[in-house]
Structure formats: C-alpha cells, structure tokens
Amino acid sequence: MFEFLSTNVEYVSTGRRAVLVDVENLVGNSALTASEVRVSAQSLEPLLGPLRDTQVIIGVSHHNLLASKVGWSVSHPRFVVRSGCDGADLVLLDVIAEENLSKRFEEVVLVSGDHVFTGAVVRLGTEGVRVDVVAGRSSCSKTLRMASFRTFLFDSGANAEQDVA
C-alpha cells in the first residue's frame, strides 16, 4: 500500500520526467529474481502512470542485471551498473551529477529511500526540479523525505499497491 506524505493528494506529472530506480531498494532484496522485479515494477504504474514515455534509469549491481533486464517489463529503461558496496546508489548519483538532469527534466522521481541521495535531491530542488521520492516505509530516510517535494511510501516492493492518503 502506498502512503502519500504531502498535502497535494493527486499525482500529476508536470512535464518531462525522469524516474531513477535503485532496483534492489525497490524490491527490498540484494539478490533479485526476475519475477520480484516484474511485480515491483508493475506496482509503480498505478502511482506514476504509464512509464512508456518516461526516461527510466535503473541502477543495479552486475549480479542483479540479468534478473532486472528480464523482469522490468513496464518500459524500456536504461540500465546503469556498478557493483560493490552501495554500487547502485553510487551509479545513480553519477547520473544525477553528470547528466544535467535539471536542464533536461522538470521532474525527477527517485525510487529509493537511501539517505545518500539527500544532497542530490536538495541540489536538484534548488535548480528548479521537482523531486518526488518513492520508497519502502521502513527504509526511507527522514532527511530524504524532508528534502523531497513529495514522498510516497509502500509496505513492501513485491506487494506494493496504491493507497494515497
């Protein structure tokens, strides 16, 4: 179930949008199966709407790349890969830092609750980008929640459903 932590209840995309996904964070597991990725990816569509016209970038470690490619069926994402401790986080931070997101997108949706993204979310916000966070209820950093424009929390990646409060 999604819980919406903001005063604006309706999710409306305002322009060109990028969705950055830490797939291991979304699924809630460090060893993924294609079916877990599929169910978790499909759980995002009721919240975010169709992703087929959205730039989706998925951060993943090399050992989860095959399961992620086979399982992600809701759009044609770009996969960015880095292994090691926090590899998916670090490669997504590289995308944010190096790819001029603020000049290319009006909105960024970050699918991760990791606190390491807080500084990048603040920076994007000061550059005029609306950043929303979608994360597991038990794994979303409080500082990341405060830095984002809106936050959507779910109970578990594989069983997430929309429940906007």
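Helices, in what follows, are DSSP runs of H or I with at least four residues, and strands are DSSP runs of E with at least two, both numbered from the N terminus. By that convention, Ser 148 sits in the loop between helix 7 (142-147) and strand 7 (150-154).

The model is a predicted one, in which local features need pLDDT of at least 70 and side-chain atom pairs count only at pLDDT 80 or more, while totals for chains, interfaces and linings use all residues. Residues are numbered from 1 along each chain as its sequence is written, and side-chain values use heavy atoms, with hydrogens and water left out.

Let me return to Ser 148. Is this residue buried or exposed? I use buried for under 20% relative accessible area, exposed for over 50%, and partly exposed for anything in between, computed with a 1.4 Å probe on protein chains only. With a relative accessible area of 9%, Ser 148 is buried.

Strand 3 (residues 55-60) and strand 4 (residues 78-81) run parallel and are joined by four bridges; two strands are taken to pair if DSSP finds at least two bridges between them. Within this pairing, Val 60 has Val 81 of strand 4 as its bridge partner. Together with helix 3 (residues 65-71), strands 3 and 4 make a right-handed β-α-β unit. Right-handed here means that, with the strands pointing away from the viewer, the path from the first strand over the helix to the second runs clockwise.

Next, the salt bridges. How many does a search of the whole structure find? The search finds six, where a salt bridge is a side-chain nitrogen of Lys or Arg within 4 Å of a carboxyl oxygen of Asp or Glu.

One of them joins Glu 99 to Arg 78, with the closest N and O atoms 2.6 Å apart. Glu 99 lies in the loop between helix 4 and helix 5 (101-104), whereas Arg 78 belongs to strand 4, so this pair ties together parts that are 21 residues apart in sequence. Both partners are partly exposed: Glu 99 has a relative accessible area of 22%, and Arg 78 has 32%.

Another salt bridge brings together the side chains of Asp 94 and Arg 82, at 2.3 Å from N to O. Asp 94 is in helix 4 and Arg 82 in the loop between strand 4 and helix 4, and this pair links distant parts of the chain, twelve residues apart. Asp 94 is partly exposed at 25%, and Arg 82 is partly exposed at 30%.

A further salt bridge connects Arg 130 with Asp 132, the closest N and O atoms being 3.6 Å apart. Here Arg 130 is buried at 14% relative accessibility, and Asp 132 is buried at 0%. Through salt bridges that share partners, Glu 107, Arg 130, Asp 132 and Arg 150 form one network.

I come to the largest pocket, which holds about 190 Å³ of space. Thirteen is the count of lining residues, and those closest to the centre of this pocket are Glu 24, Ser 61, Gly 84, Asp 86 and Gly 87. A pocket is defined on a 1 Å grid over the protein atoms alone, as an open set of points where a 1.4 Å probe fits, with protein on both sides within 12 Å along at least five of seven lines; lining residues have an atom within 4 Å of a point. Grid points are joined across faces, edges and corners, and the volume is the space filled by probe spheres set on the points.

Which element gives the largest share of this lining? Helix 4 does, with three residues. By class, the lining has one nonpolar, eight polar and four charged residues. Nonpolar covers Ala, Val, Leu, Ile, Met, Phe, Trp, Tyr, Cys and Pro, charged covers Asp, Glu, Lys and Arg, and the others, Gly among them, are polar.

Asp 86 lies in the loop between strand 4 and helix 4 and is partly exposed at 46%. Asn 100, also not a glycine, has a positive phi of about 50°; its place is the loop between helix 4 and helix 5.
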